[in-house]
Amino acid sequence: MAEDKDKEKQTQNQGQINIELDEKVAEGTYSNLAIINHSVSEFVVDFVNIMPGVPKSKVKSRIILTPQHAKRLLKALHDNVARFENAHGEIKDYEQPPIPLNFGPTGQA
């Protein structure tokens, strides 16, 4: 009987991932600009915090995704924004002047 319960518990836990969130990561990083680049094999998303009147900023976090995960992220963001707007109303988007981006000196290969 106890053996059957153990097997049932193992079956329920199969496919579950235990994800740990340490204290530093849990604090999060604020970003008001995302720069996205891609190659055939990956998407690179750089998160930046641009402050008004400050001409320089640094990438605060970089996430590298496979194209498949990038597409899943796009769908998850779309679904979550739709749920947010259903609960709180439409998110207003507004025009901003383009931000001139400079990633430092460029080289040639």
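Q: What is a polar contact?

A: A polar contact is a pair of N or O atoms within 3.5 Å; within protein, one of the two must be able to donate a hydrogen and the other to accept it. The model here is predicted. In this model, the side chains of Asp46 and Arg62 are joined by a polar contact of 2.5 Å.

Q: Where in the structure is Asp46 placed?

A: Asp46 belongs to strand 2, which covers residues 43–48.

Q: Is Asp46 buried or exposed?

A: Buried means under 20% relative accessible area. Asp46 has a relative accessibility of 3%, so Asp46 counts as buried.

Q: Which residues does Asp46 touch, leaving out those up to four places away in sequence?

A: With those sequence neighbours set aside, Asp46 touches Leu33, Ala34, Ile35, Val59, Ser61 and Arg62. Arg62 is also the partner of Asp46 in the polar contact between side chains.

Q: How many bridges join strand 1 to strand 2?

A: Strand 1, residues 33–38, runs antiparallel to strand 2, and six bridges join them. One of the pairs to look for is Leu33 with its bridge partner Val48 in strand 2.

Q: Loops come next. Where is Ser41 found, and what does Ser41 touch?

A: To read a loop residue, find the elements on either side, then its contacts. Ser41 is in the loop between strand 1 and strand 2. Beyond residues up to four places away in sequence, Ser41 touches Leu65, Thr66 and Pro67. Ser41 and Gln68 are 27 residues apart in sequence, and their C-alpha atoms are 9.6 Å apart in space.

Q: Is Asn49, another loop residue, buried or exposed?

A: Asn49 lies in the loop between strand 2 and strand 3. Its relative accessible area is 17%, so Asn49 is buried. Residues up to four places away in sequence aside, Asn49 touches Tyr30, Asn32, Ser57, Lys58 and Lys60.

Q: What is there to read at Asp22?

A: Asp22 is in the loop between helix 1 and helix 2, the latter being residues 23–27. With a relative accessible area of 46%, Asp22 is partly exposed. A polar atom of the Asp22 side chain lies 3.2 Å from the backbone nitrogen of Lys24.

Q: For the whole protein, what share of the residues is buried?

A: Of the 109 residues in the protein, 8% are buried. The accessible surface comes to about 10700 Å², and carbon and sulfur atoms account for 55% of that surface. Among contacts with a separation of 6 or more, 18% are between residues 24 or more positions apart.

Q: Where is the confidence of the prediction lowest, and where is it highest?

A: Read the overall value before the elements. The mean pLDDT of the protein is 86, and 76% of its residues reach 70 or more. Confidence is lowest in helix 1 (residues 2–13), with a mean of 61, and highest in helix 3 (residues 67–88), at 98.

Definitions and conventions:
Residues are numbered from 1 along each chain as its sequence is written. This is a predicted model: local features need pLDDT of at least 70, side-chain atom pairs count only at pLDDT 80 or more; totals for chains, interfaces and linings use all residues. Side-chain values use heavy atoms; hydrogens and water are left out. Buried means under 20% relative accessible area, exposed over 50%, partly exposed in between (1.4 Å probe, protein chains only). Contact means heavy atoms within 4.5 Å. Accessible areas come from the Shrake-Rupley method with a 1.4 Å probe; for residues, only the protein chains shown count as cover. Helices (H or I, at least four residues) and strands (E, at least two) are DSSP runs, numbered from the N terminus. Two strands pair if DSSP finds at least two bridges between them. pLDDT is the predictor's confidence in each residue, from 0 to 100.
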